[in-house]
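Here is a short tour of a protein model for you to follow on screen. Keep the viewer open as you read.

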Amino acid sequence: MGQIIVGIADMKVGSGSDELVTYALGSCIGVCMYDETVQAGGMLHAMLPKSGICTELANSYKYVDTGIIQLYRLLCRRGAGIGRIKAKIIGGARMFEFDMSDRAADIGTLNVIETKKYLLKLGVPITAEMTGGGTGRTVYFTAGTGEVTVRTTENQRFVI
């Protein structure tokens with residue numbers, strides 16, 4: 001088993017018992033996609049919902065809309081089957097207080113909405129999610145099985 005660190009605005013893939021880990025998910029969204037049949041999976045740690053917010057596309061993993069498509073395509077190239085790929089999503093928290101009349105300021109909620117929209121477009125079902133709230137999370141994802149363990153900043157542990 002190898003441990004693979006997924007940074008902020010990053011995406012990595014693994015297979016079998018590889019464990020993908022990302023730290024400091026606050027308003028960012030962690031998308032874990034996997035195909036148990038070929039024991040392959042990958043994780044995206046996206047910061048912002050849409051690449052159109054910024055004109056610089058040097059890092060497509062920074063955005064939900066472009067990052068999810070990149071992860072999906074890479075898993076398919078590794079043998080994952082259309083119709084067999086599943087997802088679990090984590091993050092999208094509201095980490096700061098802000099004026100609720102400015103919906104664009106709630107990046108966490110927008111990240112969750114865009115993630116669900118793009119997974120639906122790709123036909124990828126969400127089998128579990130731990131989104132929203134106001135706490136940071138660390139995610140441990142086993143690529144081959146899809147098992148996800150989430151540790152919160154309050155030292156709580158959840159398996160989803």
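A salt bridge here is a side-chain nitrogen of Lys or Arg within 4 Å of a carboxyl oxygen of Asp or Glu. By that test, the side chains of lysine 117 and glutamate 114 meet in a salt bridge at 3.6 Å, N to O. The model you are looking at is a predicted one, and a search of the whole structure turns up 7 salt bridges. Three of them are set out below.

| Salt bridge | N to O distance |
|---|---|
| aspartate 10 and lysine 12 | 3.0 Å |
| lysine 116 and glutamate 129 | 3.1 Å |
| lysine 117 and glutamate 114 | 3.6 Å |

Lysine 117 and glutamate 114 are 3 residues apart in helix H2, so about one helical turn separates them. Glutamate 114 is buried, at 7% relative accessible area, whereas lysine 117 is partly exposed at 34%. Lysine 116 in helix H2 and glutamate 129 in strand E7 link distant parts of the chain, 13 residues apart. Shared partners join Lys50, Glu114 and Lys117 into one network of salt bridges. As for the remaining pair in the table, aspartate 10 is buried at 17% and lysine 12 is partly exposed at 30%.

Now to helix H1, which covers residues 64-77 and reaches 20 Å from its first C-alpha to its last. Its buried residues, among them Ile68, Leu71 and Leu75, pack against strands E2, E4 and E5 and helix H2. Just after H1, glycine 79 takes a positive phi of about 105 degrees.

Finally, 5 strands form an open sheet of mixed pairing, in the order E1-E3-E8-E9-E10. Its edge strands are E1 and E10. Strands E9 and E10 run antiparallel, joined by 3 bridges, and valine 150 stands opposite phenylalanine 158 in E10.

Conventions. Residues are numbered from 1 along each chain as its sequence is written. This is a predicted model: local features need pLDDT of at least 70, side-chain atom pairs count only at pLDDT 80 or more; totals for chains, interfaces and linings use all residues. Side-chain values use heavy atoms; hydrogens and water are left out. Helices (H or I, at least four residues) and strands (E, at least two) are DSSP runs, numbered from the N terminus. The expected span of a helix is 1.5 Å times one less than its number of residues. Buried means under 20% relative accessible area, exposed over 50%, partly exposed in between (1.4 Å probe, protein chains only). Contact means heavy atoms within 4.5 Å. Two strands pair if DSSP finds at least two bridges between them.
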